[in-house]
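Colleague: Can you walk me through this one? I'd like the chain contact, then the sheets.

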Amino acid sequence: MGGGLSNGKSIGDVVLDLQDISLAFGGVRALQGVTFDVREHEIRAIIGPNGAGKSSMLNVINGVYHPQQGTVSYLGAKRHDVNTHEAAVQGIARTFQNIALFKGMSVLDNIMTGRNLRMKSGLLAQAFRLPSAEREELQHREAVEQVIDFLEIQAYRKTPVGRLPYGLQKRVDLARALAMEPKLLLLDEPMAGMNVEEKQDMCRFILDVNDQFGTTIVLIEHDMGVVMDISDRVIVLDYGRKIGDGTPEQVRGNQAVIDAYLGVSH
Amino acid sequence: MKRNRNLIILFAALLAGLIAPLVTGASGAGFYTEVLLGGLMAGVLYSLVALGFVLIFKASGVFNFAQGAMVLFAALSVARMAEKMPLWAAMLLAVVIMVALAFVIERLVLRPLVNQDPVVLLMATLGVTYFVDGFGQTVWGSDIYEIDLGIAKEPVMILGQLFEGGILINKDDVAATAAAALLVILLALFFQKTKTGRALRAVADDHLAAQSIGIPLNRIWVIVWSLAGIVALVAGVVWGAKLGVQFSISQVALKALPVVILGGFTSIPGAIIGGLIIGVGEKMAEVFLGPVMVKAFDLAGGGIENWFAYVLALLFLLVLPEGLFGEKHIDRV
């Protein structure tokens, strides 16, 4: 967790490089030859009309889908087809468009599951509360407390997440992903369905995560205002093809992007 | 509020039925206690089988129809292997067999069906049921076999000075109860206190989300089916020692259905308490309600033990659908 990134934050090397990615479900071509990269510490937005292939793109990065064509390079090495679990082991965390929390469990337990990969002590040691396991549990509990403080959900620790309002559930979803201390954080419409106030909070959290922890973030978002405000670079998809890529200013002036959003007169 | 009222009425009726024989003088205190204990012992066996259902449902959302077949298979394995080796070795080997079975089921049934509807998985476990039933007989034979735990079968008399004639209990029943209690404590610790337990609960709630935070679904499934296999082994040995190892064991396992409905599909304590309620309830009904029905309606009587559990479960479904201890899900509309 490197500090000192605030203000003149330094965008680093390419951490994720996708070359010529094509993905089809039967006859439906979700992605067609999409190429883009993500650099260290940046906030990279994926935008596009409904059905443009944004979520598919995220699912490819996350290992849910395996593209039929193209290569994914992660942290400088070409990656074979990984499953979601392996992607998580490699430091890729995500949140979900339709919240996918463990509804029967408390906020605390939900976030603790994010630490699972980092817990090392054996089954028996944990079951019988051996000192080593106890120490480890405390250590992870502390990390979770930091995340809880960071996202300002102290009041809801013991609440079953099913009872929380929508905006807070989204926040717990983010908290669980953060507890993994990911290198790369994928956010699938983190602000969907939120009111203005909740959106502002979420924007602040995303910027803070990026700023304080130096986490690289790839996010999908529909709210153009938000995207233009917080992203370093934006990629625009339409019908599974990339039609624009660049800084928010460049994308805003791109004729193909304007056409895709506003329609073209023939 | 109305639901709470119904629940109170249901419990009041159960309690009234429970103490009626004593109050009305239909039974002496000694005999009554004996029936009660008999019910509790039978209940422990139901609990053991129900525990297997709950484990798998809790961790994978799959209703494992094959639990009864697994109990029979485990019991058969122990009984037949014990003919050639000491009992402890047979049980140890049976544990290995049940874990291997879990591996095979995960690889051949669960993994190809990941993210399918619960109904599809239920059908798949139905298939597993018939396979395991048949395979067990193919490998081990289909006669009635014995498991000898080396505990005397003759009942012993206790509390002779408190009640007239004392109370008869079986030592093997006491051993079974102790084994069940130990198993439950271990499982509760495992689910609540370990990261694997937490991972199991997470997988139960949402497969995809669990995978995305790095919980390996396949390994979790092997663990939980192994656990269910070991619980089935304990249940099978206890049942088998009591009644002999035979095909009917897998049918008796169906008694565990009302138990999980009563206790809640996701609750380990629920499986235990549900089992005890059903065990006591049906014994009481058979012994005390039967004669009353014979007298009052001129019926043949008997057979109450067979349906009582299901009627009780039905009543609970109406009043408390999630069971006594099941997780209450709040759905947003």
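**The interface and the sheets**

Modeller: The area buried between chain B and chain A is about 2600 Å², and carbon and sulfur atoms give 59% of that. Keep in mind that this is a predicted model.

Colleague: Which three residues supply more of the area that chain B buries against chain A than any other three?

Modeller: Lys195(B), Arg198(B) and Ile213(B). Together they supply 27% of the area that chain B buries against chain A.

Colleague: How many residues does the contact take from each chain?

Modeller: Chain B gives 25 residues and chain A gives 32 residues.

Colleague: How many salt bridges across the interface of chain B and chain A?

Modeller: The rule finds three. One of the pairs is Asp109(A) with Arg198(B), whose side chains meet at 4.0 Å, N to O. Arg198(B) is also among the three residues that lead the buried area on the chain B side.

Colleague: And how many residue pairs are in polar contact across the interface?

Modeller: Four, counting pairs with both residues at pLDDT 80 or more.

Colleague: Which elements give two or more residues to the side of chain B that touches chain A?

Modeller: Helix 6 (171-193), helix 7 (195-205) and helix 8 (207-212) of chain B. Helix 7 of chain B gives the most, with seven residues.

Colleague: How do the residues of that side divide into nonpolar, polar and charged?

Modeller: On the side of chain B that touches chain A, twelve are nonpolar, five polar and eight charged.

Colleague: OK, on to chain A. What is the strand order in the sheet of six strands?

Modeller: The order is 6-7-8-3-9-10 in chain A. The sheet is open, with mixed pairing. Strand 6 (92-94) and strand 10 (241-246) of chain A are the edge strands, each pairing on one side only.

Colleague: By how many degrees are neighbouring strands of this sheet turned?

Modeller: By 20 degrees against each other on average, direction ignored.

Colleague: In which sense do strand 3 and strand 9 of chain A pair, parallel or antiparallel?

Modeller: Parallel, over four bridges. Strand 3 of chain A covers residues 43-47 and strand 9 of chain A covers residues 233-238. Ile47(A) stands opposite Val236(A) in strand 9 of chain A.

Colleague: What does helix 1 of chain A touch on that sheet?

Modeller: Helix 1 (residues 54-62) of chain A packs on the sheet and touches strand 3, strand 6, strand 7 (184-188), strand 8 (216-220) and strand 9 of chain A. Its direction makes about 150 degrees with that of strand 7 of chain A. Helix 10 (residues 255-262) of chain A packs on the sheet too, touching strand 3, strand 9 and strand 10 of chain A. The direction of helix 10 makes about 125 degrees with that of strand 10 of chain A.

Colleague: Now the sheet of four strands. What is its order?

Modeller: 2-1-4-5 in chain A, open, with antiparallel pairing. The edge strands are strand 2 and strand 5 (77-79) of chain A. The twist averages 25 degrees from one strand to the next.

Colleague: Over how many bridges do strand 1 and strand 2 of chain A pair?

Modeller: Eight, in the antiparallel sense. Leu23(A) stands opposite Leu31(A) in strand 2 of chain A. Their hairpin has two residues between the strands, and Gly26(A) takes a positive phi near 60 degrees there.

Colleague: And where does strand 4 of chain A pair with strand 1?

Modeller: Strand 4 (residues 69-74) of chain A pairs antiparallel with strand 1 of chain A over five bridges. In strand 4 of chain A, Tyr74(A) is the bridge partner of Leu16(A), and Gln69(A) is that of Ser22(A).

Colleague: Which strands of this sheet does helix 1 of chain A lie across?

Modeller: Strand 1, strand 2, strand 4 and strand 5 of chain A. Helix 1 of chain A runs at about 120 degrees to strand 1 of chain A.

Technical notes
Residues are numbered from 1 along each chain as its sequence is written. Chains are lettered from A and ligands numbered from 1 in the order in which they are written. This is a predicted model: local features need pLDDT of at least 70, side-chain atom pairs count only at pLDDT 80 or more; totals for chains, interfaces and linings use all residues. Side-chain values use heavy atoms; hydrogens and water are left out. Contact means heavy atoms within 4.5 Å. Buried area is the accessible area (1.4 Å probe) that two parts lose on being put together, summed over both. A polar contact is a pair of N or O atoms within 3.5 Å; within protein, one must be able to donate a hydrogen and the other to accept it, and residues adjacent in sequence count only if both atoms are side-chain atoms. Ala, Val, Leu, Ile, Met, Phe, Trp, Tyr, Cys and Pro count as nonpolar, Asp, Glu, Lys and Arg as charged, and the others, Gly among them, as polar. Two strands pair if DSSP finds at least two bridges between them. Axes are lines fitted to C-alpha atoms, for helices over the stretch in contact, and angles run from 0 to 180 degrees between N-to-C directions.
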